[in-house]
Amino acid sequence: MTTKTHQDHTWWQMIPALALCALATSATAQTQIRDVTERTSVEAEADTAPAVCGAAETEQQPSDIEELQRRLDLLAAEVERLRSGEEVQPVSVDDARRLGLAPSAASTYGQARGVSIAGYGEMLFENYADENEGGAATGQTTKADFLRAIIYAGYRFNDKFLFNSEIEIEHADEIYVEFAYLDYQATDNIGVRGGMLLAPMGLVNEFHEPTVFLGAERPVTEQRIIPSTWRENGAGIYGAFDRVSFRAYVMNGFDGLEFSSKGVRGGRQKGNKAKATSMAFTGRVDVTPTPGVFVGASLYTGDSGQGQVMVDGAEYGVRTTIFDLHGAAQVRGLDVRGLFARAHLDDAAQLNQLLGKGVGERMQGAYIQVGYDLLSQTNSAGVALTPYVRYEQVDTQDRVPEGLSRSLSTDNTYLTAGIELKPISNIVVKVDHAWVSNDAETGVNQFNVSMGYAF
Amino acid sequence: MIRVVSVCTSLLLVTTTVGVVAQGGQMTREEALAAVFPHAGIEAERVFLTEQQMVRIGELAAGDMESALVARYVATQGGRIVGRAYIDTHVVRTKRESLLISLEADGSVKRIDVTAFLEPTEYQAHERWLQQYDQQTLTDDLAVQRAIRPIAGATLTAGATNAAVRRVLAIDQVLALAEEKVGAVAR
């Protein structure tokens, strides 16, 4: 490979000559430099350096011009390389000595490393209907909640090791670590990860920035059956081979004593002095047959008893298994997503005997959602306007242990219709209305407005 | 559960060992160029754009042109230009990404290689996603959600990559025009 400056842009060749002029004639010559710099390359291409600086001077110092040109070329190459962030050659012992450092101390000069900061946030305005579907007064107050303000902070130690974290302030006054892990990128295809991890379940849990999912609120299935944002302490592997990506972790299990008739959400330990007597396995596989389209499945299985569910002198593990099937397609402005999730609890009878909370033995939910960016096929400069509709059914008592009666209010249907506007891809405003119904006729409709950002 | 933990621990150890043995690295621009133009001679150029050229590139690309310094590679074979390649460096979230965007002699995209990605790797575009750009030219349809499908969970990467490709195609067009004019003046 050979190197040269662009030969067709001869204004560039004028710079050395002008530089010589500058050395010789001070203020007058500086004006010349500015003037020439402002010229187009096409205009300059018709001229030559000697015409500006004087043929006699140029002829006197051709070697100086060539040397200046060479040095400027080297500087341009160096600037471009530094800007690129590409790995540079490791610092040799000789180079380290020149830097006055031991080789390890000098290694920072040969690495692309450093801090990464990003974040997202969302504010939600919820207005509830005065009456539920049965006509009873709901008494629910309209709420304006700054749901989340998040800072991502990461640090790349080198091309193999990095740290990544998400620090979240919820409802403006609750602070959580949503994830904080170390990654070891073992090969281009496989890595190892350890720390506080997001459970790799469903469509929303790992990708929960408001600019990523449709709807002012996350799907209820991904709140109650897959309790996003679901994070626990653990370790595992992740990777991708061609069209297939996967993650497989071992994490601390749920705290089953916090389950309720509304699902497993209360059982999350969120990494806070988590009980780890009962561990769990969780993983997912996704297949991307073509860009923008993927289908996959996720699994979580492990005990939730944490050694605490003792009934009649016997300990029960409360094995909890959750799986989901999911798919999404985003093609030419059309956004279709669907998910089915089911959770099954062993020893639910014993757990209910202990808690008396009506915890379901089987819970399940499913939704399908369609949106279309009306501006996607126009030259809208990145503005997106997407009406959407989501149909969802969730039952947190799909099956209950023998002797326990089902509540009619836990089997809900949600129909949500709305529209989202993204003036740029990092900012979103969503407006939607959700119609909620169940056999107990206690469903409460609500109107939502949300604003979100991600950077 | 002990069995599950044992299996996963073994997986971790195997993976770590594999990683130590097979230290896969990011492709350098030299490696990428050699792969894209295997039998060609490659000449590196650094082009300094004029303000007018930058404005025109911004118009064509429908985006900002932030730097006047362009790293370009011209591949020749038997005295004939068989392709060109450009390094485009841009910010994805807060960290930089560099792409080697290689073009056919006719100016369409030949291939894209990631030569630097300083964000967490989970946000990096996969090769199959980048292949959507093969043979693409600078048209209105060259946009995410039009000819280019998005990346689930990596919206900013998709947007930044698309902007980079549009920018490089616009640079190539503008430089080709300048070269034509220079040729005409020379004649």
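## A186 in chain A

A186(A) counts as buried because it has 24 C-beta neighbours inside 10 Å. The cut-offs used here: buried takes 20 or more other C-beta atoms within 10 Å of a residue's own, exposed takes 12 or fewer, and partly exposed is what falls in between, with C-beta atoms placed from the backbone. A186(A) sits in the loop between β5 (174-184) and β6 (190-198) of chain A. Helices (H or I, at least four residues) and strands (E, at least two) are DSSP runs, numbered from the N terminus. Go 123 residues along the chain to V309(A), and the two C-alpha atoms are separated by 40 Å.

A word on provenance: this is a predicted model, where local features need pLDDT of at least 70, side-chain atom pairs count only at pLDDT 80 or more, and totals for chains, interfaces and linings use all residues. Residues are numbered from 1 along each chain as its sequence is written, while chains are lettered from A and ligands numbered from 1 in the order in which they are written.

Chain A has a cis peptide bond from S228(A) to T229(A), with omega near 0°. T229(A) belongs to the loop between α8 (221-224) and β7 (231-241) of chain A.

Then there are the positive phi values. R332(A) isn't a glycine, yet its phi is near 50°; it is found in the loop between β13 (319-331) and β14 (334-345) of chain A. R332(A) is partly exposed, since 15 other C-beta atoms lie within 10 Å. D347(A), also not a glycine, has a positive phi of about 60°. D347(A) lies in the loop between β14 and α9 (348-355) of chain A, and it counts as buried because it has 24 C-beta neighbours inside 10 Å.

## Helix α9 of chain A

Following α9(A) comes G356(A), with a positive phi near 65°.

## Helix α2 of chain B

Over in chain B, helix α2 (residues 29-36) has R29(B), A32(B), L33(B) and V36(B) buried. Looking down the axis of α2(B), the buried residues fall within an arc of 100°, so they line one face of the helix. That arc is the one spanned by the directions from the helix axis to the C-beta atoms.

Zoom in on L33(B): setting aside neighbours within four places in sequence, it is in contact with I42(B), Y73(B), A85(B) and L100(B). Contact here asks for C-beta atoms, placed from the backbone, within 7 Å.

β4(B) and β5(B) pair in the antiparallel sense over 7 bridges; pairing needs at least two DSSP bridges between the strands. Within the pair, L100(B) stands opposite D113(B) in β5(B). The hairpin has 4 residues between its strands, and G107(B) takes a positive phi near 95° there. β5(B) is mostly covered, with 8 of its 9 residues buried.

## Nonpolar cores

A nonpolar core is a set of buried Ala, Val, Leu, Ile, Met, Phe, Trp, Tyr and Cys residues joined through C-beta atoms within 7 Å. In the largest one, which has 51 residues, L33(B), A85(B), Y86(B), I101(B), V165(B) and I171(B) touch the most other members. The biggest giver to this core is helix α5 (residues 155-186) of chain B, with 12 residues. Apart from it lies another core of 42 residues, including L203(A), I226(A), Y249(A) and A341(A).

## Chain totals

Chain A holds 9 helices and 19 strands, and buried residues make up 39% of its 455 residues. Of the contacts in chain A with a separation of 6 or more, 61% come from residues 24 or more positions apart.

Chain B holds 5 helices and 5 strands, running α-α-β-α-β-β-β-β-α-α along the sequence. Buried residues account for 48% of its 187 residues. Among the chain B contacts between residues at least 6 apart in sequence, 55% join residues at least 24 apart.

Technical notes:
Contact = placed C-beta atoms within 7 Å.
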